[in-house]
Amino acid sequence: MYEVYGGMLKEDIVCTIDGKKVVCPPESSILEAARSAGIEIPTLCYLKGLTPTGACGICAVEIEEEGGRIIRRSCRVRAKDGMVIYTNTPAVDAYRKERLREILERHPNDCLTCQKTGGNCQLQNVSYLFGINPEKRNVPGRGIDDSSPAMVRDMDKCIACGRCVTVCEEVQKIGIYEMKCNEETGERYVNTKKDVNLSATACINCGQCVKVCPVAALTEKDSIHKAIAALDDPNTTVVWQMAPAIQNTLGEEFCLPPGTDVTKKISAAMKQLGGYAFTTDFSADVTIMEEGTEFIQRVTKGGVLPMMTSCCPGWVKYMEYHYPDQLDHLSTCKSPQQMFGALVKNYLPEKIGVPAENICQISIMPCVAKKFERDRTEMESENGRDVDIVLTTREAAKLFKLRGINLAAIQEEEFDDFMGEGSGAGRIFGTTGGVMEAALRTVVWKLTGGRIDQIDYQEARGYKGLKEASVKIGDLEVKIAIVNGIGNVKPVMEDIRAGKSPYHFIEVMACPGGCLNGGGAPLTASPDMIARRMDQMYESDKNSAIRRSHENKEVQKLYEEYLKEPCGHISHHLLHTAYMDRSGEVR
């Protein structure tokens, strides 16, 4: 490793940045050395190719010197052979925040009208990264509602466009918002119907209002800073999972065509951030083992029918609000997210040699309601909460970008062992009808002893609000229904309450199109785009090496070594749950 400088050969230098050996050309600044190794250091004033001024100070790092460590601005200091550098320490964090606070105190807060809005303002991005907010604000005074574990309403930013009112009323048919008018000023704004916090409404946290809001009046509750803290904690082992829908949507945040399969790119990004990389496709397969067995038991032994899927937390909450007298129709299975988390805290520690208390399980989900689900009191075991942090698709994209990861360019990597294998059945959980189709692939196989070898169930696919079919399983005719969007579920539930339902098995997804169009998914979601996502997800399933959940080798090993049998004692303790009457929470 040599270069010519003034007629002389000069050897490259080797320094250590955040514990990583970095080789860089002579004359490189610490900032350049770090970025060459994929280590992102934030900055506002640095421009490649121009003389660095060090004016902003945001690029500060700590350098080991005799007698201790010293804070220096990385753009102005050359990397030296043997130098030991730290880019994320409490001292560095405090220094950057103080410099940023000084900048913001003299910066006009006109972000709503600034031409750099839309993610192009680096000051806004860095301010967001470090959680710095100007203390003085000129606001209408309606305040912030953060009572929900899933969503935040900053109604000082509301522009009264009415989109949230329409989508909640006409699409989801829940109707918690309405347009208000200040009698004294004539000012229009949106609030909940009884002017109460979200936590006192029948909001199911589907997040469809968040997706249509053109400003930041409605957002998912931020978890990025919690994730960064976990990643930067040397005593914490991060274990990642990503939902099936993420694999065919996250690429859009990096300008890839809708539906592009970025599964192994996300695995690589997770590993670059730090921690073990797994897929929720694995626990979706476990869900089918549990839910399929539960359905077989109900059908053959006289259990409560129709049985209804419990994978969607928005749908489950809807039931708890509006049909608490019908909760025994829900499958007792936890969702794939929560099953995965429970297994991470109880099955995985022995496999990777890390105590459960040192593990932080971070989920990447297309769903705002998954944040609410994470907080449910019953979602824990002796080893702690099933899931520690939930990031939406959009939050994951922000985190990747903040850490300098370009998903479009990153090289693919395989998932880690033990919980990294998923079937095509697990993958299609991400779209409406996918849970039903995945269940049928295994249920039909098991009930017929493998005599019926059907894989594709076209009757479960498509965007129709209510899909119905009859499936012949030997002498048994199973009638199924798939509800696409919570706005279509009321007639189905009224028939069940009246004892008139013809179905045996019903899938419900709160978001139209399923998780591919979840409240935490990329904001742009035209019907054509959702259709392209669906097509690509089914294509990913078609190309999968295994397409039935019970054929997943890692799932088989899980049952052999740990769970023993579906719906057995251990799985009932860890992977199943109960529901509650929430009708009294609504004012």
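Predicted model: local features only at pLDDT ≥ 70, side-chain atom pairs only at ≥ 80, totals over all residues.

Residues are numbered from 1 along each chain as its sequence is written, and side-chain values use heavy atoms, with hydrogens and water left out.

Me: Is serine 283 buried or exposed?
Reply: Buried means under 20% relative accessible area and exposed over 50%, with partly exposed in between (1.4 Å probe, protein chains only). The relative accessible area of serine 283 is 0%, so this residue is buried.

Me: Which backbone oxygen does the side chain of serine 283 reach?
Reply: Contact means heavy atoms within 4.5 Å. Leaving aside residues up to four places away in sequence, serine 283 touches Gln241, Pro336, Met339 and Phe340. At 2.9 Å, its side chain reaches the backbone oxygen of proline 336.

Me: What is the volume of the largest cavity?
Reply: On a 1 Å grid over the protein atoms alone, a cavity is a set of points where a 1.4 Å probe fits but cannot get out, and lining residues have an atom within 4 Å of a point. A volume is the space filled by probe spheres set on the points, which are joined across faces, edges and corners. The largest cavity is lined by 24 residues, with Cys311, Pro366, Lys370, Met509 and Cys515 nearest its centre. Its volume is about 250 Å³.

Methods
Polar contact = N/O pair within 3.5 Å; in protein donor to acceptor, adjacent residues only side chain to side chain. 1 Å grid on protein atoms, 1.4 Å probe; cavity = no way out; pocket = protein on both sides within 12 Å on 5 of 7 lines; lining within 4 Å.
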